Amino acid sequence: MRREGASVSAAKKGVAVLGVFVADLAFRGARQPAIGETIFGSGFKMGPGGKGSNQSVAAARVGAEVTFISKLGADDFARIARETWAKEGIRAEVAEVADQPTGAAYIFVDENSGDNAIIVVAGAADTITAADVEAVAETIRGAAVFVTQLEQPASAAQRGLEIARAAGVVTGLNPAPAAPVDDSIYPLCDYVTPNEHEARVMTGVEVRGVDDTRKAGDVFLSKGAGAAIVTLGAAGALLHSPRESILVPAFKAGTVVETTGAGDAFNGGFAAALARGMSAADAVRFGSAVAGISVTRKGTAPSMPRLEEVEALLAASG
């Protein structure tokens, strides 16, 4: 059954995230090469990434107690993952798979606009099963907020949502990358948080403005989601539920350098805010401030701001 205005239980705390870690291999250049073409780029950087891991870092940096649930390969990229989580104070419920690589992502960043194009290979995390999620059920049940995405198998995401919902945990699905899912997943979600492209793919509604976004939100609600939050880049984020439909403006924190990871910044910040007991509208504003700062920096996980930075931006914006 759908829960409108779901609130955090005082007996639960922190954020549990089921998702993927990948090593981000980010290339900057004036344009992407055509097939068969080689061009010179203007920069390269390797760092920690993956939607679930990025969202965990974002939540942890703004003060949430975070547990990340996933799988890694037995390789150098796995070492980067564990070092990242240890540095950020993130608890890892992560199995290691000997015959699969740790996930990796090719990221092209347009040096002029900061926009990006990405290819992700989930590697070991693509083998996460519902049984794997069952093995960490107590961790999920003890969280205030549970968040997952679609980089790992949807069956694993759904089982995590089922466990969380049965335990009274606030649930969020970031349907990214956009992919068909069984409609039975939506009634398990207090919040569905697509961007405009993902909203179009998941609902069939062409999202070209706020009115279209509300129509897409209505589709999510009709499928059983408690609320839809559609992130719209520079246009802000729309919180759409049976009780309210609010466009939260984007925050301008400086020159946009790179938009990679902005959605993860929003989702991590939003989850952390919910875990602190904020209302949905205030949590959307908080997540938007996290994202607004992240796009002024290069990288994904490294671009996530600290709590004091977010609070300063919120205070300056009134």
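Axes here are lines fitted to C-alpha atoms, for helices over the stretch in contact, and angles run from 0 to 180 degrees between N-to-C directions. Helices (H or I, at least four residues) and strands (E, at least two) are DSSP runs, numbered from the N terminus.

This is a predicted model, in which local features need pLDDT of at least 70 and side-chain atom pairs count only at pLDDT 80 or more, while totals for chains, interfaces and linings use all residues. Residues are numbered from 1 along each chain as its sequence is written, and side-chain values use heavy atoms, with hydrogens and water left out.

I will start with helix packing. Two packed helices are described by the angle between their axes and the distance between the axes. Take helix H9, residues 280-294, and helix H10, residues 307-317: their axes cross at roughly 110 degrees and come within 9 Å. H9 is therefore roughly perpendicular to H10; the classes are roughly parallel under 35 degrees, roughly antiparallel over 145, roughly perpendicular from 65 to 115, and oblique for the rest. On the H9 side, the contact (heavy atoms within 4.5 Å) is made by Arg 285, Phe 286, Ala 289, Val 290 and Ile 293. H10 contributes Leu 307, Glu 309, Val 310, Leu 313, Leu 314 and Ser 317. By class, that contact has eight nonpolar residues, one polar and two charged. For the classes, Ala, Val, Leu, Ile, Met, Phe, Trp, Tyr, Cys and Pro count as nonpolar, Asp, Glu, Lys and Arg as charged, and the others, Gly among them, as polar.

Next, helix H1, residues 51-61, against helix H8, residues 262-275. Here the axes are 7 Å apart and the angle is about 50 degrees, which means H1 is oblique to H8. The crossing of the two is right-handed; a crossing is left-handed if the near helix is turned anticlockwise from the far one by less than a right angle, and right-handed if clockwise. H1 makes the contact through Lys 51, Asn 54, Gln 55, Ala 58 and Ala 59. From H8 come Asp 264, Ala 265, Asn 267, Gly 268, Gly 269 and Ala 272. The residues of this contact divide into four nonpolar, five polar and two charged.

How many of the 11 residues of H1 are buried? The count is 10, so H1 is largely enclosed by the rest of the structure. Buried means under 20% relative accessible area, exposed over 50%, and partly exposed in between, with a 1.4 Å probe and protein chains only. The buried residues of H1 include Gly 52, Ser 53 and Arg 61. Just after H1, Gly 63 takes a positive phi of about 105 degrees.

H6 passes H7 in a left-handed crossing. Ala 199, Met 202 and Thr 203 of H6 meet Ala 216, Val 219 and Phe 220 of H7. That contact divides into five nonpolar residues, one polar and no charged.

Now the charged pairs. Side chains of opposite charge can pair when their charged atoms come close. The structure holds 16 salt bridges, a salt bridge being a side-chain nitrogen of Lys or Arg within 4 Å of a carboxyl oxygen of Asp or Glu. One of them joins Glu 83 and Arg 79 at 3.3 Å, N to O. Both residues lie in helix H2, residues 76-88, four residues apart, about one turn of the helix. Glu 83 is partly exposed at 45% relative accessibility, and Arg 79 is partly exposed at 44%.

In helix H5, residues 154-166, Glu 162 and Arg 159 are three residues apart, again about one turn. Their salt bridge has its closest N and O atoms 2.9 Å apart. Glu 162 is partly exposed at 30%, as is Arg 159 at 24%. Salt bridges that share partners also join Arg 61, Glu 88 and Arg 306 into one network.

Another salt bridge pairs Arg 91 with Glu 93 at 2.6 Å, N to O. Ala 92 is found in strand S5, residues 91-97, and is partly exposed at 34%. Leaving aside neighbours within four places in sequence, Ala 92 is in contact with Phe 68 and Trp 85.

Last, the backbone. Most residues other than glycine have a negative phi, and most peptide bonds are trans. Which kind of peptide bond joins Ala 176 and Pro 177? The bond is cis, with omega about -10 degrees. Pro 177 lies in the loop between strand S9, 170-173, and strand S10, 191-192.
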